[in-house]
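Hi,

Here is the structure I promised to pass on to you. Have a look at it first, then read my notes below.

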Amino acid sequence: MSTQFTQYLQSTLTPGQAGNMLWATIYILVIFAGISLCVVFINWGERKALAHFQIRLGPMRVGPHGLLQPIADALKLLLKEDTIPANADKVVFWIAPFIVTTAAFVVYLVVPFGPQHAVTDMNIGILFMLGVSSLGVLGIITAGWASNSHYPLLGSLRSSAQMVSYEVAMGLAVISAILMTSFTPGVASGTLSMIGIVEAQKTQGVWFLFKFFPLGLIAFGVFAIAMIAETNRAPFDLPEAESELVAGFHTEYSGFRWSLFMLGEYAAMIAVSGIAVTLWLGGWMRPFPNLLAGSVWDTIFSLVPGAFFLFLGAVTLYGTARMPKHPALRIQTLGLGVFGMAIAAVGLVLLVPAVRVRVQDIFWFMIKVAAFIYMYIWYRATFPRYRFDQLMRVGWKVLLPISLGVLIVTGVVGLSPELLTWLKGVL
Amino acid sequence: MTTATSNLDLHEDKTFLDSTELILNMGPQHPSTHGVLRVILKLDGEKVLGAECVIGYLHRGVEKIAENRTYTQFGPYVDRMDYVASVSNGLGYCETVEKLINVEAPPRAQHIRVILTELNRITSHQVWLGTHALDLGAMTPVFYCFRDREEILKIFEKYCGARLTTHAFRVGGCQWETYEGFEKEVLRLCDFFEPKIDEYEQLLTTNRIWIERTKGVGVISGPQCIAMGVTGPVLRGSGVKWDLRKAKPYSGYEKFDFEIATGENGDTYDRYIVRIREMRQSVRIIRQAVESLPAGPIMAKVPKVLKPLPGEVYHSIEAPKGELGYFIVSDGSLQPYRIRVRPPSFVNLQALDQMVRGRLIADVVAIIGTIDIVLGEVDR
Amino acid sequence: MRVATLLRKIFLLDLLKGLSLTFRYQDPKEIYTEQYPLQRPQVAERYRGLPRLNVNPETGKTLCIACDLCAKACPENLIVVESERDPVTKRKVLTKYTFDISRCMFCGLCEESCSTDALELTQDYEIAQYGREGLVLDRERLERGPEGKVYER
């Protein structure tokens, strides 16, 4: 076992490829804990960011600047009474949240946080991702069914219809990105593996967002809109809107079961953002790997994670200095100061060369995913919501034709050198 | 459940297959019904076939209370009917009693009344805009509207001592003289507020999601409105140019120059545009009123103990929600014999049934919001 | 003109307009929340809050002449004024004064009708109590006036 441990540290493959079970398990546990921690932070971040968009402050009392609010929420949900509707199907009722959460988390098996920082690199990685994330729909339908009440059932059917219709557009947008991987000069064919897609972007020297401009951008735009509808977020959140009659498939769920649904939703949000980042935004690559190449630039960019955390720590400590000097807030000020110093310590650790070389890929990936999550919250604050029939119309009549068109044009443009030589041969 | 007297049986092509009709109850407690309103919907799948409103959950017997209070003592109760636009309520009541005792408020009092009433129109429309946008899913305009409304409420507080239940006017004029710096503050508010209306429009007017949710939803034609007695922005949104401030001017409105905003199609989007334009016109009126504020007394010669001659009078004003009317019957004693209030929201709510037919459930919430009802007024 | 609208629709300009507005409002200077109870709102001078019976600052005697006008003006009849006639000066002297703020609307009619400067509605709005007993104010409480609230947490 200890040989398995040390032997892997020398390799440059993912644990799955290296056949190393121990490290694969370690990676899975780290990802599970990490994503759960991320969901907690996103919960806090969403409440604060949404509040700032709405010119208010958000949670401020539960911990300094509301930092302990997610923990208070989690405690409340755990201690809540676990109600099950009278004639509900108990087994199915119990299983439904687990299906949704499991489907959301299994996707992370192939999400590449770095060239060797994925649990495994399947050669059908993207297909696996699309397939498994669709399994979440089953969880939603079973949740609505098991509630034994026709409003959750209607809500779950609407929700699942929405998710399924936007998956078609999503899939076509993904195909056009994969098509771009096959245009690497000197490579026989494209690849479906997630790490391979990022490597293709590195070899071709351009993020697929900017490839064959504006085709990559349009495909990315279609995927960006479809992924919001996929995760039932504003402006496509009619099935779970509060001001509608049907409160959605999770009406009858309370306490811990509801928190599993919420966990699954946020994990799915991070997962589809991860797919978007991998396919179009260059995955784990730092900005300008080919343009600003060389060991000097590499060192500069590898200092960025540490600098970022140090900056966050400085901001927190500045916030500590600005807290009001009221006796009731003494503990909060102390707590915030300790938190700030902890972040700064993380930043210092990230400056150590041995650590920063391994960690910088994860950092760039997470920064890009964080930008997507910010966009999710921004859209929620700004836009009204679509009515259900208008939502379906956008999915089928607008996004599907656009993504089909982009796919065809990408193929034609990408093969244009070969097409032209063939035409010259014929004429 | 509905009785035989309900009008939900007007479904022409009824066959035995129509057993799929569902009666849905949007109960009194609901995040979107602006108060305690119960709406019973008759649905065919998701399509709405008819709606019936059950009201009375906020009935407080205001008109009965009026029979046991003197005319001056009833003033504070009037604010609490349409609690969002309480200054307008006070204006209507005071003008009606003045008509009863044949007294006219002096010009300065009339100008002050116009300024405060138009400010109140802006606050009422801001509450409407915020809650309507919130019902349709846009969560931020409500905060922007309430923040801008704060500035106006501060002016109310400085003038009469309360923000919401203002009790600003008395029979015969105004109780308080304007405070030090009133004109400057009001003008500064007008300058502060006009760009804010542009901001609300930037968020919503051209937004494609907003347009899709509101265009063609809840259409009601002008003749239908007139047949049901619907007034206010709902009537003007259907294209009928009727505004009591222009048709039957009161309290000095004939001196001011402003336009009446009308819509074309009578749908939710047009009513939204009408109310936004009304806010702009209100700012225009306020500017004119402040600049032409005359000097003089603020209270007419009214006896301390009001004992009007026996008779009855009806007077109505253009409240933010429509025509607010008061019908007072006096029997010669200190207390009125009967006060009947004609609330605009109560009469406008009748139009709900016509507007929701053929729409989806998700539109019902939008349509209730666009009629702009306040249950305090509907139920009194 | 049709081309311009078409281009605006394709490039999602209307959505971007709304996004830019909400983005701009994230500026911390725009935040409108007041952190009560650390920051208490300052109310206007004419604010109709907790009532108070004013006392002559030199002699310490109450300014109220027990004319009962406030009780007559109140729509809710919640003021009770009891007085007795002083045999020497033949004037009414106030003995008991009760004000029930559990039913009060804070309309200000009593303040307006007071013939001296005795009854006044102050700017105190923190008048909540845990039970009904503290809501019926007697003369002594009214003469003490607003007491201010200190929050520890």
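C:Glu82 stands opposite C:Lys96, which belongs to β3(C). The two strands here, β2(C) and β3 (residues 92-100) of chain C, pair in the antiparallel sense over seven bridges. For strands to count as paired, DSSP has to find at least two bridges between them. Helices (H or I, at least four residues) and strands (E, at least two) are DSSP runs, numbered from the N terminus.

Before you go further, two notes on the model. It is a predicted one, where local features need pLDDT of at least 70 and side-chain atom pairs count only at pLDDT 80 or more, while totals for chains, interfaces and linings use all residues. Residues are numbered from 1 along each chain as its sequence is written, and chains are lettered from A and ligands numbered from 1 in the order in which they are written.

Back to the sheet: it is open, has three strands in the order β2-β3-β5 (chain C), and its pairing is antiparallel. At the edges sit β2 (79-85) and β5 (136-137) of chain C, each pairing on one side only.

Now chain C as a whole. It has five helices and five strands, and from the N terminus on they run α-α-β-α-β-β-α-β-β-α. Chain C is more spread out than a compact globule, because its radius of gyration is 26 Å, well over the 15 Å that the globule rule gives for 153 residues. (That radius is taken over C-alpha atoms, and the rule is 2.2 Å times the number of residues to the power 0.38.) Along its principal axes, the C-alpha trace of chain C spans about 95 × 40 × 30 Å. Buried residues, meaning those with 20 or more other C-beta atoms within 10 Å of their own, the C-beta atoms being placed from the backbone, make up 22% of the 153 residues in chain C.

What does chain B touch? In its contact with chain C, 21 residues of chain B meet 19 residues of chain C; two residues are in contact if their C-beta atoms, placed from the backbone, lie within 7 Å. On the chain B side, α2 (71-79), α5 and α6 (182-204) each give two or more residues.

The contact between chains B and A takes 22 residues from chain B and 21 residues from chain A. α7(B) gives the most to the chain B side, with four residues.

Enjoy exploring!

Methods:
Buried ≥ 20, exposed ≤ 12 C-beta atoms within 10 Å, placed from the backbone.
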